[in-house]
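Hi,

Here is the structure I promised to pass on. My notes on the packing follow below it.

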Amino acid sequence: MLIESLIFIAGLVALSWSADRFVFGASALASNIGVTPMVIGLTIVAMGSSAPEIVVSATASLANNPDTAVGNAIGSNITNIALVLGLTALLKPLIVSSTTVRREMPVLLGVTFLAGFFLYDRNLAFYEGFILIVLFFITIGGLTWISLSAEKNDPLHTETEEEIPTDVSTPSAIMWVLVGLVLLPISAHFMVESAVEIARYFGMSELIIGLTIIALGTSLPELAASIAGVLKGEDDLALGNIIGSNIFNLLAVLAMPGLLAPGIIDADVASRDIFAMFLITCLLIGFSFNFRGTRRINRWEGGVLVACYLGYCVYLFV
């Protein structure tokens with residue numbers, strides 16, 4: 001078990017590093033060919049932050065572990081909002097001033113409802129996975145249109161522009177993209193295999209391991225990025241990355257088990273986890289547009305989110 005734990009940690013580190021290098025290279029390459037910073041931020045960066053979840057979900061599905069893949073998608077969304085944004089708001093209240101970010105929130109709520117609808121019958125069919133992946137590409141197009149039509153004085157525009165690498169040569173950018181593409185599936189394979197062995201050793205279900213350990217591990221890049229963002233005053237960028245990542249998790253990540261391993265899923269998903277995810281998402285939107293009209297996620301609200309996450313984890317294990 002010690003060896004499996006070490007393999008899991010090594011796989012997690014390699015997964016996070018390769019995802020970061022992939023985003024770095026893809027963002028630099030897109031910038032070099034003239035793609036605007038807002039398009040890069042709302043599409044490439046958001047997809048890149050979901051890359052660990054997408055690769056892990058595909059790997060688990062190919063290994064005939066669809067519950068791990070579904071748990072990873074749902075658990076990552078719960079972790080991103082309740083733990084990542086909760087801890088970030090505890091560190092520093094988040095100001096929601098970007099019109100673009102506010103436009104993304106109803107999209108996230110709609111996608112969350114659709115994912116819950118697909119999972120409620122305890123079966124994820126191939127056609128449902130196909131619908132999700134089609135909506136994924138439609139969403140990319142929609143976010144591209146939003147980013148192109150966004151006002152230049154939108155705070156997200158300035159914050160994104162400052163984060164896009166501009167001094168990277170095209171060959172170097174391509175090299176980092178290739179490094180990420182090679183290491184992502186390799187590290188995901190070892191991470192999933194070791195996680196399944198750990199789950200079996202402790203008598204945990206594959207769903208629980210996906211909802212907790214794997215989801216937490218694949219959300220660590222978002223945690224680091226969000227904390228770094230708010231410390232630099234980039235509140236909208238930190239919030240926008242989480243919202244974009246969650247949208248892609250439910251469209252691209254959840255599509256993987258539907259496309260690669262369709263069939264019956266753990267009944268607890270329908271009776272417990274989709275409701276927890278929907279509640280956490282509603283809390284985020286409610287806190288972002290509170291009744292006082294301040295459009296700020298305060299420290300006490302961050303504390304509520306973190307408490308929800310801890311309570312959810314305790315409930316899972318107890």
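A word on terms before the notes: I call a residue buried under 20% relative accessible area, exposed over 50% and partly exposed in between, using a 1.4 Å probe and protein chains only. This is a predicted model, so local features need pLDDT of at least 70 and side-chain atom pairs count only at pLDDT 80 or more, while totals for chains, interfaces and linings use all residues. Residues are numbered from 1 along each chain as its sequence is written, and side-chain values use heavy atoms, with hydrogens and water left out.

Ser245 sits in helix 9 (residues 235-253); helices here are DSSP runs of H or I, at least four residues, numbered from the N terminus. Ser245 is buried, at a relative accessible area of 0%. Not counting residues up to four places away in sequence, Ser245 touches Ala46, Ser49, Ser50, Asn80 and Glu222 (contact means heavy atoms within 4.5 Å).

Ser288 belongs to helix 11 (residues 267-288) and is also buried, with 0% relative accessibility. A polar atom of the Ser288 side chain lies 2.8 Å from the backbone oxygen of Leu284. Beyond its neighbours within four places in sequence, Ser288 contacts Val96, Met105, Arg295, Arg296 and Ile297.

Now the core. A nonpolar core is a set of buried Ala, Val, Leu, Ile, Met, Phe, Trp, Tyr and Cys residues joined through side-chain atoms within 4.5 Å. The largest one has 81 residues, and Ile74, Leu119 and Leu239 touch the most other members. Helix 3 (residues 66-91) gives the largest share of this core, eleven residues. Setting aside residues up to four places away in sequence, Leu239 touches Leu85, Val96, Val101, Met105, Leu284 and Ile297.

Last, a helix pair. How do helix 1 and helix 8 cross? The axes of helix 1 (residues 2-32) and helix 8 (residues 206-231) come within 9 Å and cross at roughly 35°. Axes are lines fitted to C-alpha atoms, for helices over the stretch in contact, with angles from 0 to 180 degrees between N-to-C directions. On the helix 1 side are Phe8, Leu12, Leu15 and Ser16, which meet Ile213, Ile214, Gly217, Thr218, Leu220 and Pro221 of helix 8. That contact has seven nonpolar, three polar and no charged residues (nonpolar: Ala, Val, Leu, Ile, Met, Phe, Trp, Tyr, Cys and Pro; charged: Asp, Glu, Lys and Arg; polar: the others, Gly among them).

Cheers

Notes: Helix = DSSP H or I, 4+ residues; strand = E, 2+ residues; numbered from the N terminus. Polar contact = N/O pair within 3.5 Å; in protein donor to acceptor, adjacent residues only side chain to side chain.
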